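Here is a short note to read beside the model. Take the points in order, and keep the structure open as you go.

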Amino acid sequence: MEEIVQYVLDRLTNREAKTLTLSSKENLSDSKKNRHYYINNKHLVIKDIGLILLKKIIEIDESDDVVSFIYQALDYDCQVTLQLSFNAPFLIDLKWLMDSPFTFLNYQKREYKCLNKSFITYSDVALLDSTIILVLFDQQRLTMLAREKLEQENIEFLERGRCE
């Protein structure tokens with residue numbers, strides 16, 4: 001019995017450290033193979049997410065194999081990262097970007113981060129690093145100290161209406 005418990009613990013420990021990267025262009029309809037992905041990998045990165053596919057993900061259109069694959073991964077307690085093939089976070093509803101169970105990366109593998117606060121302070125940005133892109137809503141404001149910290153650490157921040 002002890003051997004079985006140790007085996008399960010070892011599998012769980014190995015799973016926590018594993019990340020699998022797949023392209024949304026791959027055939028993800030094989031449920032038996034997919035189950036293997038979910039069981040053996042805690043982190044899944046799905047790259048090549050275009051705007052049309054993202055709309056299907058937001059609408060939970062499980063008739064699409066990729067969307068079905070992504071939501072089944074959540075059922076297996078996988079952490080899913082969506083790597084977008086475009087670099088315009090304002091094409092995504094920012095409320096959904098903030099409340100989503102997914103992590104979003106741009107095509108350069110930099111994470112988009114949204115904060116659910118009207119005023120973003122120094123303490124909110126103090127632990128961010130330069131791999132993060134902070135995306136701000138129209139009504140959100142940065143305190144002067146927060147803005148200075150972002151500039152000092154070379155952390156990119158995008159404000160709606162002022163992005164490229």
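This is a predicted model: local features need pLDDT of at least 70, side-chain atom pairs count only at pLDDT 80 or more; totals for chains, interfaces and linings use all residues.

1. Now the overall build. The chain has 164 residues, and 41% of them count as buried. Seven helices and nine strands are found in the chain. Along the principal axes, the C-alpha atoms fill a box of roughly 60 × 40 × 25 Å. Look at the contacts between residues at least 6 apart in sequence: 50% of them join residues at least 24 apart.

2. Find helix H2 (residues 31-40) and helix H4 (residues 65-75). Their axes come within 10 Å and cross at roughly 40°. The crossing of H2 past H4 is right-handed.

3. Which residues in H2 and H4 meet? On the H2 side they are Asn34, Tyr37 and Tyr38. On the H4 side they are Phe69, Gln72 and Ala73. Sorted by class, this contact of H2 with H4 has four nonpolar residues, two polar ones and no charged ones.

4. Stay with H2 for its buried residues. These are Asn34, Tyr37, Tyr38 and Asn40. What covers the buried residues of H2? The cover includes helix H1 (2-17), strand S1 (19-23), strand S2 (43-49) and H4.

5. H4 has another partner. Helix H3 (residues 51-58) packs with H4 at an angle of about 50°, and the axes are 9 Å apart. H3 and H4 are therefore oblique to each other. Their crossing is right-handed. From H3, the contact uses Leu53, Lys56 and Ile57. From H4, it uses Val66, Val67, Ile70 and Tyr71. By class, the contact of H3 with H4 has six nonpolar residues, no polar ones and one charged one.

6. Turn to the strands. Leu105 sits in strand S4 (residues 103-105). Is Leu105 buried or exposed? Its relative accessibility is 14%, so Leu105 counts as buried, because the cut-off for buried is under 20%. Set aside its neighbours within four places in sequence. Leu105 is then in contact with Thr81, Leu82, Gln83, Leu84, Arg110, Glu111 and Tyr112. For a sense of distance, take Leu105 and Lys56. They are 49 residues apart along the chain, and their C-alpha atoms are separated by 18 Å.

7. Ile132 lies in strand S7 (residues 132-136). With 8% relative accessibility, Ile132 counts as buried. Beyond its neighbours within four places in sequence, Ile132 is in contact with Arg110, Glu111, Lys113, Ile155 and Glu156. Arg110 and Glu111 are in contact with Leu105, and they are in contact with Ile132 too. Ile132 and Ile58 are 74 residues apart in sequence; in space they are 22 Å apart, C-alpha to C-alpha.

8. Last, the cysteines. How many disulfides does a search of the whole structure find? The count is zero. Cys78 is buried, with a relative accessible area of 5%. Cys114 is buried as well, at 13%.

Key. Residues are numbered from 1 along each chain as its sequence is written. Side-chain values use heavy atoms; hydrogens and water are left out. Axes are lines fitted to C-alpha atoms, for helices over the stretch in contact, and angles run from 0 to 180 degrees between N-to-C directions. Helices (H or I, at least four residues) and strands (E, at least two) are DSSP runs, numbered from the N terminus. A crossing is left-handed if the near helix is turned anticlockwise from the far one by less than a right angle, and right-handed if clockwise. Contact means heavy atoms within 4.5 Å. Ala, Val, Leu, Ile, Met, Phe, Trp, Tyr, Cys and Pro count as nonpolar, Asp, Glu, Lys and Arg as charged, and the others, Gly among them, as polar. A disulfide is a pair of cysteine sulfur atoms within 2.5 Å. Buried means under 20% relative accessible area, exposed over 50%, partly exposed in between (1.4 Å probe, protein chains only). Angles under 35 degrees count as roughly parallel, over 145 as roughly antiparallel, 65 to 115 as roughly perpendicular and the rest as oblique.
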